[in-house]
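Hi,

Here is the structure I promised to pass on.

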Amino acid sequence: MQEIFVRQNKNSCYLHIEKWHRLDSRLRVGFTMRLGGVSEPPYDTFNLGFNVTDDDEHVVANRKRLAEKLSIPLQHWVGGEQVHGNHVCIIHQGDRNRGAHNYRTSIEGVDGLITNELGILCTAFFADCVPLFFYDPTTGYIGIAHAGWKGTVRRIAEKMVQTFSSQGVDPAHLLVTIGPSISQEKYEVDDNVMQHIDENLQKKTGIQRGHHRYLLDLKQLNVEILLQCGVIRHNIEVTNYCTYTDDNLFFSHRRDHGKTGRMLGFIGYTL
C-alpha cells in the first residue's frame with residue numbers, strides 16, 4: 001500500500017498529505033517527526049508539546065520553526081486541551097493563538113477542531129494516539145481529532161462527522177486520513193479497554209493474545225466507526241507508520257515509558 005504521508009524533501013521536519021495539498025495549494029496538512037528541533041533528551045529534538053517537562057522556550061522555538069515552514073504564524077495556531085474525550089469545537093478567527101504559546105490557553109475540554117476559515121492552523125499533539133484528519137473539498141471544511149483509546153471508544157470520529165454534517169458537509173464527500181500512531185502488534189490492552197468496544201467491532205479490531213490480554217488495532221477501530229457514520233471506505237486512507245516501531249522518526253509514550261516528546265498533527269489554510 002502506498003504511503004499517504006510523504007516527506008516534502010530530505011530536510012523537512014514533517015510529513016504531509018501530498019494528495020490533499022494538490023487539491024488546494026493553500027492547504028497545510030501533516031504530521032511532524034522528532035527531527036529538526038532544539039529540544040534536548042529525552043525530548044530530542046523536535047518536541048512540539050507543552051504538557052511534558054521540556055523547556056517551554058525550546059517548545060516555542062520548535063513551533064516557530066514549523067510556523068515559518070508552513071507560512072502560518074504561530075499566533076494563528078489553535079490547540080485543544082486534549083482530555084481524551086469526544087468534544088469538538090468549530091474554530092473561528094477569534095480563537096487564534098489559543099494554546100499556541102502555552103498550554104494554559106488551550107480550548108478547554110476539546111479533542112477535535114473544525115474550521116473552514118483561512119489563516120488558522122488547527123493542531124493536536126500525539127505520542128501513540130491516533131490522529132484523524134478530515135477534508136471536504138466541496139465546502140472547504142477541514143478538521144483534526146485526537147483519538148486515544150478513550151476518545152476512540154467515545155466515538156470522537158462520529159462526533160467529528162456529526163459536526164461537519166451540522167455545517168452542511170455530506171459525509172459521503174469527506175476525505176479522512178488516519179495518521180501515524182501505535183500499531184496493533186505493539187498495542188496490548190486488557191479487558192478494561194475491550195469491554196468498551198462493541199462485540200462486533202472487537203472481532204474486527206482485536207486479537208486475543210492471552211488471558212484477558214488483547215492486541216487492539218486503534219486505526220482500524222476508527223475506520224469502522226467512520227464507516228458506520230456514512231464516510232465512504234474509498235475516502236478513508238490509513239498510514240503505514242507506527243509511532244512505536246519507527247523510533248528514529250517518532251516519539252512513543254508506550255515505548256519511551258512516558259518520558260518523551262509530542263508530535264504535532266496540523267491542518268489549516270494559508271491566507
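Leaving aside its neighbours within four places in sequence, which residues is His196 in contact with? They are Trp149 and Val153, where contact means heavy atoms within 4.5 Å.

Before the rest, some ground rules: this is a predicted model, in which local features need pLDDT of at least 70 and side-chain atom pairs count only at pLDDT 80 or more, while totals for chains, interfaces and linings use all residues. Residues are numbered from 1 along each chain as its sequence is written, and side-chain values use heavy atoms, with hydrogens and water left out.

Back to His196: you'll find it in the loop between helix 5 (191-194) and helix 6 (199-205). Helices (H or I, at least four residues) and strands (E, at least two) are DSSP runs, numbered from the N terminus. His196 is partly exposed, with a relative accessible area of 42%; buried is under 20%, exposed over 50%, and partly exposed in between (1.4 Å probe, protein chains only).

Ala157, in helix 4 (residues 156-166), is buried at a relative accessible area of 1%. Setting aside neighbours within four places in sequence, Ala157 touches Leu132, Phe134, Asn222, Ile225 and Leu226 by the contact rule. Its C-alpha atom is 8.5 Å from that of Cys229, 72 residues away along the chain.

Now the aromatics. A search of the whole structure turns up seven aromatic pairs; rings of Phe, Tyr and Trp (its six-membered ring) pair if their centres lie within 6.5 Å, and planes under 30 degrees apart count as stacked, over 60 as edge-to-face and the rest as tilted. One of them is Phe31 with Phe126, tilted, at 5.9 Å centre to centre and 45° between the planes. Phe31 lies in strand 3 (residues 27-32) and Phe126 in strand 7, so this pair ties together parts 95 residues apart in sequence. Both Phe31 and Phe126 are buried. Tyr241 and Phe250 make an edge-to-face pair, 5.5 Å centre to centre with 80° between the planes, and Phe250 is buried at 0% relative accessibility. Phe31, Phe126, Tyr241 and Phe250 form one aromatic cluster.

One more ring to check: the charged end of Arg26 sits over the ring of Tyr269, 5.3 Å from its centre (the rule is NZ of Lys or CZ of Arg within 6 Å of the ring centre and within 35 degrees of the ring normal).

Cheers
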